[in-house]
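Hello,

Here is the structure you asked to look at. My notes follow below it.

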Amino acid sequence: GMHFKRGGYVVSSRLFAESLFVERGVEWITGAHVQKVEAGKAFYETLDGESHELAFDFAMLLPPFTGTGMKAFDRAGQDITAELFMPNGFMKVDADYSKKDYAQWKAADWPKTYRNPKYANIFAVGIAFAPPHAITPPRVSTKGTPISPAPPRTGMPSAIIGRVVANNIADLVLGRTQHQPKTASMASLGAACVASTGANWWSGTAASMTMYPIVPDFERFPEYGRDLKFTFGDIGSAGHWIKKILHYMFIYKAKALPMWWIIPE
Ligand SMILES: Cc1cc2nc3c(=O)[nH]c(=O)nc-3n(C[C@H](O)[C@H](O)[C@H](O)COP(=O)(O)OP(=O)(O)OC[C@H]3O[C@@H](n4cnc5c(N)ncnc54)[C@H](O)[C@@H]3O)c2cc1C
């Protein structure tokens, strides 16, 4: 989660999200892991180790994030998958993957150039790179089931990282050795997210959030891990209009139409 200032008070994103749910008559369950799904029924375990069932008529489940399960082989046909990928299938890059407790996690553990340390011509950006660890304390149910959110690698950081790495690859290919590699650590990038809460042109609203940095850094910002000047959340029509405008701008950019590169990520 995150904290931000609202009406002169520091509030948690939990309060923000729960108020939105209450206002819309949505009930929520958190700290839960879905064990199996049958037609019209989901079975889940909560942090206290209890098993529950939930009937539904429509459901969308996001499975735990994993890589695509690619295998890698060297010229001699030797399987080098473990050198390139972590057990979760994401690619190893310039992150600190040493096993540490939550208290030892540091902003510096996060990758900066997204280059594989062993194979200098291999990079992994966006969702494809292996994060060094989560960004919130890992939780395990009393039965030993891990129940933790994955670190967010959403559209904005994925796109910024993609651009920075593409520039670095262009420098390598063109032999521009005088250029220092550019970096895009998620511990030094900020991000914005606009979640639509009604798409109607005139009456629509959206919840807008910004955070800086994405990965909390308790050495720089001891109280909340983030800079509250740049960490913000609000709901209303301004966010809705920004979302509409961004929608058309990003489709324009994706089509690489004239001057596409002026549009930021
Ligand atoms: C339901 C959902 C809602 C989301 N909502 C938001 C949101 O509102 N805002 C936001 O910022 N982010 C959102 N995200 C997250 C965002 O979509 C991702 O963070 C972002 O798309 C990651 O970008 P990427 O380029 O790393 O990966 P992707 O966009 O997943 O691109 C990877 C591409 O690689 C292709 N591929 C895979 N395997 C191979 C292969 N072997 N050969 C060739 N191609 C291959 C895939 O087909 C895919 O096109 C959402 C994600 C989900 C799942």
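Three strands make up an open sheet, in the order E3-E4-E5, and their pairing is antiparallel. From one strand to the next, the twist averages 30 degrees. Please keep in mind that this is a predicted model.

Now the pairing of E3 with strand E4, which covers residues 41-46. Six bridges join these two strands in the antiparallel sense. Which residue in E4 stands opposite alanine 32? That residue is threonine 46.

The other part to look at is the ligand. The residues that surround the ligand are Leu62, Thr68, Val125, Gly126, Ile127, Arg153, Thr154, Gly155, Met156 and Ser158. Sorted by kind, this shell has four nonpolar residues, five polar ones and one charged one.

A backbone N or O atom of arginine 153 is 2.4 Å from an oxygen atom of the ligand. For isoleucine 127, a polar backbone atom lies 2.8 Å from a ligand oxygen atom. Glycine 155 also has a polar backbone atom 2.8 Å from an oxygen atom of the ligand. How much of the ligand's accessible area does the protein cover? On its own the ligand has 1,000 Å² of accessible area, and the protein covers 32% of that.

Regards

Definitions and conventions. Residues are numbered from 1 along each chain as its sequence is written. This is a predicted model: local features need pLDDT of at least 70, side-chain atom pairs count only at pLDDT 80 or more; totals for chains, interfaces and linings use all residues. Side-chain values use heavy atoms; hydrogens and water are left out. A residue is near a molecule or strand if one of its heavy atoms lies within 4 Å of it. A polar contact is a pair of N or O atoms within 3.5 Å; within protein, one must be able to donate a hydrogen and the other to accept it, and residues adjacent in sequence count only if both atoms are side-chain atoms. Accessible areas come from the Shrake-Rupley method with a 1.4 Å probe; for residues, only the protein chains shown count as cover. Ala, Val, Leu, Ile, Met, Phe, Trp, Tyr, Cys and Pro count as nonpolar, Asp, Glu, Lys and Arg as charged, and the others, Gly among them, as polar. Two strands pair if DSSP finds at least two bridges between them. Helices (H or I, at least four residues) and strands (E, at least two) are DSSP runs, numbered from the N terminus. Axes are lines fitted to C-alpha atoms, for helices over the stretch in contact, and angles run from 0 to 180 degrees between N-to-C directions.
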